[in-house]
Amino acid sequence: MPDTEGHSHPPGPVPRLPRDEVRRRLLAAAERVFAERGYADSKLEDIARVAGFTKGAVYSNFGSKQELFGAILSERSEAELADVMAGLDAGADVPALIEQAARAVAQRIIDDTERGRLGLEIAARAIRDEGTGAVVAPMRRAQRASAGRAVRAVTERAGITPPVDPELAGTILHCLTNGLATEHLVDREGVDADTAERALRAVLGWLTEGARK
């Protein structure tokens, strides 16, 4: 029946956001807050406020600040690896693949110093704090495993056999990339894009040297 007295009807219920969207907004807000304040000075209530939620929304999606931070680094790492892989020319020969991969990874090291700084901060904290270490160690294992799968995919596609198994090759590349990122943070002129690219090219070249077709 129509309202003839001019009374306004109360608004209907606000649709509940899908859990994936809540998680996406929390991760985006956390990345921003962590970048501005660093890990130690970032608070979950501030992250929740930036995302437009309560602190309870953070805990319902992530068990702790450590877990939230780990999720950011893991997702960014997976996305970056996927982008590098997608940028490789499927029809290129091995030397061209090495050039493409080395250039792409080196450029990310130079362009994304924020990720390197935050990664270094959380690694240092993991050494001192058992709870942080319990989050960081599995995350790093997963990153090394992803790198190993990428090596396996590229070498199988190219029909070559590396001198070490793909899992170990992935660990070598993962540690080299992290090391270059750290060195670039403290000595940007000494470890610039060219240096990083040449280092990556040398190791990738070794991994494919003498490979049998």
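1. To start with a term: a residue is called buried when its relative accessible area is under 20%, exposed when it is over 50%, and partly exposed in between, using a 1.4 Å probe and protein chains only. By that rule Glu 80 is buried, because its relative accessible area is 16%.

2. A word on what you are looking at. This is a predicted model, in which local features need pLDDT of at least 70 and side-chain atom pairs count only at pLDDT 80 or more, while totals for chains, interfaces and linings use all residues. Residues are numbered from 1 along each chain as its sequence is written, and side-chain values use heavy atoms, with hydrogens and water left out.

3. Back to Glu 80, which sits in helix H4 (residues 65–86). Helices here are DSSP runs of H or I with at least four residues, numbered from the N terminus. Which residues does Glu 80 contact, leaving aside neighbours within four places in sequence? They are Arg 108, Asp 112 and Arg 115, where contact means heavy atoms within 4.5 Å.

4. Helix H2 (residues 44–51) is worth a look too: Leu 44, Asp 46, Ile 47, Ala 48 and Ala 51 are buried there. The cover over the buried residues of H2 includes helix H1 (19–37), helix H3 (55–61) and H4. After H2 comes Gly 52, with a positive phi near 90°.

5. The protein chain divides into domain 1 (16–63) and domain 2 (65–207), with bounds from an automatic or database domain assignment. Taken over C-alpha atoms, the centres of domain 1 and domain 2 are 26 Å apart. Domain 1 brings 16 residues to the contact, and domain 2 brings 16 residues.

6. About 1500 Å² is buried between domain 1 and domain 2, and carbon and sulfur atoms give 65% of that area. Buried area is the accessible area (1.4 Å probe) that two parts lose on being put together, summed over both. Glu 31, Phe 34 and Tyr 39 supply 45% of what domain 1 buries against domain 2, more than any other three residues.

7. How many salt bridges does the rule find across the interface of domain 1 and domain 2? There are 2, a salt bridge being a side-chain nitrogen of Lys or Arg within 4 Å of a carboxyl oxygen of Asp or Glu. Do look at Arg 76, which forms a salt bridge with Glu 31, their closest N and O atoms lying 2.9 Å apart. On the side of domain 1 that touches domain 2, H1, H2 and H3 each supply at least two residues, and H1 gives the most, with 6 residues.
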